[in-house]
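Welcome, and thank you for taking a look at this model with me.

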2 protein chains.
Amino acid sequence: MKTIKEYSAIVNEAIAAMTFTEPASLYDPIAYTMEGQGKRLRPVLTLAVADALNADIHKALSPALGIELYHNFTLLHDDIMDNSPTRRGRLAVWKKWTPAQAILSGDTMLSLAMGHIIKSDFPADTRIELIDCFNATAIEVDHGQQLDMDFETQRKVSLEDYLLMISQKTGALLGGACEIGAICGGASELSREAFRNYGYLLGLAFQIQDDILDVYGDEASLGKPIGGDIANDKHTWLHIHAGDEAGDEMDDIYRRGLSGKEKYDAVRAIYDRLNLRQRGETTADGYLNNAINAIARAGLDDVAYRFFVDFAHSLIGRKK
Amino acid sequence: MKTIKEYSAIVNEAIAAMTFTEPASLYDPIAYTMEGQGKRLRPVLTLAVADALNADIHKALSPALGIELYHNFTLLHDDIMDNSPTRRGRLAVWKKWTPAQAILSGDTMLSLAMGHIIKSDFPADTRIELIDCFNATAIEVDHGQQLDMDFETQRKVSLEDYLLMISQKTGALLGGACEIGAICGGASELSREAFRNYGYLLGLAFQIQDDILDVYGDEASLGKPIGGDIANDKHTWLHIHAGDEAGDEMDDIYRRGLSGKEKYDAVRAIYDRLNLRQRGETTADGYLNNAINAIARAGLDDVAYRFFVDFAHSLIGRKK
């Protein structure tokens, strides 16, 4: 096994070496989207799982890049749908170019992602499994994004619906990244399921932690202003619990039409009183532990097992 | 071989039997897009090619539906990009729902289309060929749509660029529909290429004919008002030739800022004088004949050959 940094360097090097053909107007937004030296969490998972199963990670690189292209495609299209003008401190593609350009470049990225899965160096049967897993994952992520959009027009969202949404929108892709690594490694059905569950549960922990950071995080390390979810009345883990347990007070904030810092402070005061930060962290840690339990059954040696335990903790960023 | 109507009935029956899962907000726009009893030209080609090669057309039905889902996905996303409020006399999806909804439903349709190719009942090697052909076709269509969008901001477009654009945007998909049928039928490389070229050349003939009909067609049978291309200064086959051969007069029309019927009449008078309708029809017929020549080398029996000759003529709608 290598370190997270080493896997991520392999991915970043391969992305930097990607060449795009004509027309430039189509591929410039794609190159822009793929730029940078990000953590590349999803392809790192794909490579690490393949490596843990003693597969040739150079063969797993093409599917791993497919996963990263796909992930970036979802961000590109989500930014248009959510009307988000920036991404990672830069203009979103639809703002830097146009919505039409962002739609088409995104469509092309989805097909390029599929192309990386199709053209991977595995026997036909394995490639069919990879393609099928990738495509099913993409459809599940679409379901999650749809639920997320549906929530925008709903006054109340149940915790159950919220968990379904994040399991599809975030869990499915992390699970898919692991499962694709497992298919590359020729995993047994049981081991494949263990890896998929690991990624899926990590996704749940990650999203709840993300909800917490949007209220309680540090703007410098987040790279974006906090409080965006409160400003947009987003149905997060915290918001749903506050609505269930202090509905009248939450309603009162909306009735008074508060905004800006006043609204943030008022909502945060309710979250604080209900101890939602700590309760959310405990819930996220629970999913994290479940993820680690899932991987414990994948039949890994100690070094590989340790890698995935460390990866899980580093993803949440709170060492226990 | 069956008739075009019979193949088209098989496709329409299968589309009517499609069931979509939850969330309804995601699948309602997809069901709406797939509704109706259209001609289904592309899947008809897939089925007919497979049938001509004595394949089991029920096995070719799933890839054929994938092609039709894909075609409708492109229309759905193109309507957002082109800001077109209607399609086939009904509201476009982005108008009936929202642009965000249309983006996501389109993304899902692309993955559903791929799903129909993946899950077809062929051996793994054949499915890889089908998937690869489908994906390469999708990327080529994206290139064509990009060129088409690039043209909108260009004052002049060369005939060469125009032909590249329509070969990618229209030719590639008709060619891909035929090639997918050929792969289903286990065609030799040579026969596969003959079918692809047939579809590709039909696409060129079809698009030039479409350009002509937008000026000279009959509103009742077209189902939309004529003159849209002239109103939007679209770089069509006619417009490019008029620009090359009567550039000063065309420029004069723009300088005078004509619009509506006045603009249409002025542009059409130039087209008439240059005899562009007849010259365009001759060019389209040339591509049609090339398509028929291509299919002549596919090793078909007389009945099958006659089917593809008739299909070509019916597509253009001008019996020779």
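1. With which residue does Glu129(A) form a salt bridge? The partner is Arg192(A), and the closest N and O atoms are 2.6 Å apart. A salt bridge here is a side-chain nitrogen of Lys or Arg within 4 Å of a carboxyl oxygen of Asp or Glu. Glu129(A) sits in helix α7 (residues 124-152) of chain A and Arg192(A) in helix α9 (residues 189-216) of chain A, so the pair ties together parts that are 63 residues apart in sequence. Helices are DSSP runs (H or I, at least four residues), numbered from the N terminus.

2. Before going on, a word on the ground rules. This is a predicted model, in which local features need pLDDT of at least 70 and side-chain atom pairs count only at pLDDT 80 or more, while totals for chains, interfaces and linings use all residues. Residues are numbered from 1 along each chain as its sequence is written, chains are lettered from A and ligands numbered from 1 in the order in which they are written, and side-chain values use heavy atoms, with hydrogens and water left out.

3. Are the two partners of that first pair buried or exposed? Glu129(A) is partly exposed at 36% relative accessibility, whereas Arg192(A) is buried, with a relative accessible area of 14%. Buried means under 20% relative accessible area, exposed over 50%, and partly exposed in between (1.4 Å probe, protein chains only).

4. Over all chains, a search of the whole structure finds 42 salt bridges. Another one joins Asp310(A) and Arg306(A), at 3.3 Å from N to O. Both residues belong to helix α16 (residues 302-316) of chain A, four residues apart, or about one turn of the helix. Asp310(A) is partly exposed at 34%, and Arg306(A) is partly exposed at 45%.

5. In chain B, look for the salt bridge between Asp148(B) and Lys234(B), 3.2 Å from N to O. This pair links distant parts of the chain, 86 residues apart: Asp148(B) is in helix α7 (residues 124-152) of chain B, and Lys234(B) is in the loop between α11 (228-231) and α12 (237-245) of chain B. Asp148(B) is buried at 11% relative accessibility, and Lys234(B) is partly exposed at 34%. In chain A, salt bridges that share partners join Asp78(A), Asp148(A), Lys169(A) and Lys234(A) into one network.

6. Next, a helix pair. The axes of helix α3 (residues 41-52) of chain B and helix α4 (residues 57-81) of chain B come within 8 Å and cross at roughly 155°; axes are lines fitted to C-alpha atoms over the stretch in contact, and angles run from 0 to 180 degrees between N-to-C directions. The two helices are therefore roughly antiparallel, a label for angles over 145 degrees. Residues making the contact include Leu47(B) and Ala50(B) of α3(B) and Leu61(B) and Ala64(B) of α4(B), where contact means heavy atoms within 4.5 Å.

7. Finally, two buried residues of chain B. Met114(B), in helix α6 (residues 99-118) of chain B, has a relative accessible area of 3%. Not counting residues up to four places away in sequence, Met114(B) touches Met114(A), Asn135(A), Ile131(B), Phe134(B) and Asn135(B). Ser167(B), in helix α8 (residues 159-184) of chain B, is buried at 5%. With neighbours within four places left aside, Ser167(B) is in contact with Glu140(B), Ala172(B), Tyr200(B) and Leu204(B).

Methods. Angles under 35 degrees count as roughly parallel, over 145 as roughly antiparallel, 65 to 115 as roughly perpendicular and the rest as oblique.
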